[in-house]
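Here is a short briefing to read with the model open beside you. Take the topics in any order you like.

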Amino acid sequence: MGTIPSFVDNQNGLITPTQSSCEFVQILMKLQRAAQLITSTLDLDQLLDRVVNDLASSLGTVEVAIWLRHPETDEMVLQGVRGCKMFKKGSRLKIGRQGIVGQVSATGRMHYAPDVRLDPYYIACEPETRSEVSIPLKIGGRVIGVFSVDHCETNAFSENQLLVLEALAGHVAVAIENARLFQRERLERERMQLEADEARVMQQALFPKATPFAPGFAFETAWHPAGSVAGDWFDFIDLGDGRHGIVLADVSGKGMSAALLMSATRAILRSLAKLHPSPGETLAHLNQILLEDFPMGKFVTMIYAVLDTNSRELTIASAGHLRPLLINSHSTFLDVEPGLPLGLAASSYPEHTLTLEAGTHMLLYTDGITEATNRHNEEYGAARLLDHFQQPDACVNGLIEEVRQHGHGADLADDATAVLIRSR
């Protein structure tokens, strides 16, 4: 096998024509590994530092620099450099007007100056520099930057070396683009998470800060959204004269859209509750308004109950919601005749009234509890819900924990909300 053109030697990094092809292959493999390391880095600053430092050490050059096109100005900005005292990170060159870098970024073609003293585009950086090659960094034919290498020897780069550097520049361009995409994606995720956190705080502010004072009764609540925000919600409305409106609702869908509809529905319900004495009337008027305002295909299931602490009567109306669980010595799900979910079509909402004697409790809940599944796709179900509240120490937070255990500790797939009315 014949000799291979010079690339790296023991003194300054260049192979001489007298060295073996085996040594040259080793250098190529070293650069290939360097390229793999480069493309595995997704932090842009770390990537650029790695490129200029690793290559400067491997190639024995005076300077290695990476310039990137500014997205808004007609300039190239120095983002990574080793070996240059004149230019610092952040230095700028006009595209097509300043230096070899400016020329390459304008033409999109490699420019090799075997003797920089004779090159019309060269801008001096280090006095010992004698040759420079600048290679465009391209993605899809678009120049995103320039990769520049200087050497202290005249005509330091052979044709084969330039081909290798061009190939390496291709790896660098891909790595830079990947790092930029990752950076943009990370910033977008952070922005979205910040918005979601703010939305959660705002939504939580809509919930009652404390359960109402109702002689002879106590309330327990649990609200566990599947995401940052939820379409589930509960509320207590003081209707005066010892009467309290108790709301549990579930907006169709999840996430931000459901949360927005939840907020709107809550505000309208609160404005109607004191105008209409019975829960059935309140739901009917609420439904009429939502029919006009709700997007097509969106709806709300809701239990609206009015508790009169003086008579201990609880009057319930259901808009397509799950049956409440009456908890006493003979616990059972109430056969409350439901109307249609709110926002679908005109409907009436029949009422069911019962007296809550001391020791009798009422549970309102959403389907995120009963429809929670385990790894075998078995739902938690109504039977387990009933069994849970046969225990003397049963509570809504214990219920949520049991639902989580049913799913083997996995996050809930749907919002889970419960309100327990305890009669004492």
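The notes below go from the whole chain to single residues.

This is a predicted model, in which local features need pLDDT of at least 70 and side-chain atom pairs count only at pLDDT 80 or more, while totals for chains, interfaces and linings use all residues. Residues are numbered from 1 along each chain as its sequence is written, and side-chain values use heavy atoms, with hydrogens and water left out.

**The chain as a whole**

- The chain has 9 helices and 16 strands; helices (H or I, at least four residues) and strands (E, at least two) are DSSP runs, numbered from the N terminus.
- Of its 424 residues, 49% count as buried, where buried means under 20% relative accessible area, exposed means over 50%, and partly exposed is in between (1.4 Å probe, protein chains only).
- Among contacts (heavy atoms within 4.5 Å) between residues at least 6 apart in sequence, 61% join residues at least 24 apart.
- The accessible surface of the chain is about 20300 Å², and carbon and sulfur atoms account for 51% of that; these areas come from the Shrake-Rupley method with a 1.4 Å probe, and for residues only the protein chains shown count as cover.

**The nonpolar cores**

- A nonpolar core is a set of buried Ala, Val, Leu, Ile, Met, Phe, Trp, Tyr and Cys residues joined through side-chain atoms within 4.5 Å.
- The largest core has 49 residues, and I246, M302, L314 and M362 have the most contacts inside it.
- Apart from that core lies another, of 28 residues, among them V133, L165, V172 and A179.

**Helix α6**

- Helix α6 covers residues 279–293, and at 1.5 Å a residue its 15 residues should span 21 Å, which agrees with the 21 Å between its end C-alpha atoms; the expected span is 1.5 Å times one less than the number of residues.
- Its buried residues are P279, G280, T282, L283, L286, N287 and L290.
- Seen down the axis of α6, these buried residues fall within an arc of 150°, so they line one face of the helix; the arc is that of the directions from the helix axis to the C-beta atoms.
- The buried residues of α6 pack against α5 (255–273), β10 (300–308), β11 (313–319) and β14 (351–355).

**Strands and their partners**

- Two strands pair if DSSP finds at least two bridges between them.
- An open sheet of 5 strands runs in the order β7-β16-β15-β12-β13, with antiparallel pairing.
- At the edges stand β7 (217–224) and β13 (332–333), each with a single partner strand, so one side of each is left without a neighbour in the sheet.
- Strands β7 and β16 (residues 416–423) run antiparallel and are joined by 8 bridges; A218 has R422 of β16 as its bridge partner.
- Strand β1 (residues 63–69) is mostly covered, with 6 of its 7 residues buried.

**Single residues to look up**

- I237 lies in strand β8 (residues 232–240) and counts as buried at 4% relative accessibility.
- Among the residues that I237 touches, not counting those up to four places away in sequence, are H244, V247 and L269.
- T129 is in the loop between β4 (111–113) and β5 (131–139), and at 2% relative accessibility T129 counts as buried.
- S263, in helix α5, is partly exposed, with a relative accessible area of 28%.
- D241 is not a glycine, yet has a positive phi of about 55°; D241 sits in the loop between β8 and β9 (243–251) and counts as exposed at 71% relative accessibility.
- R312, also not a glycine, has a positive phi of about 65°; R312 is in the loop between β10 and β11 and counts as buried at 19% relative accessibility.
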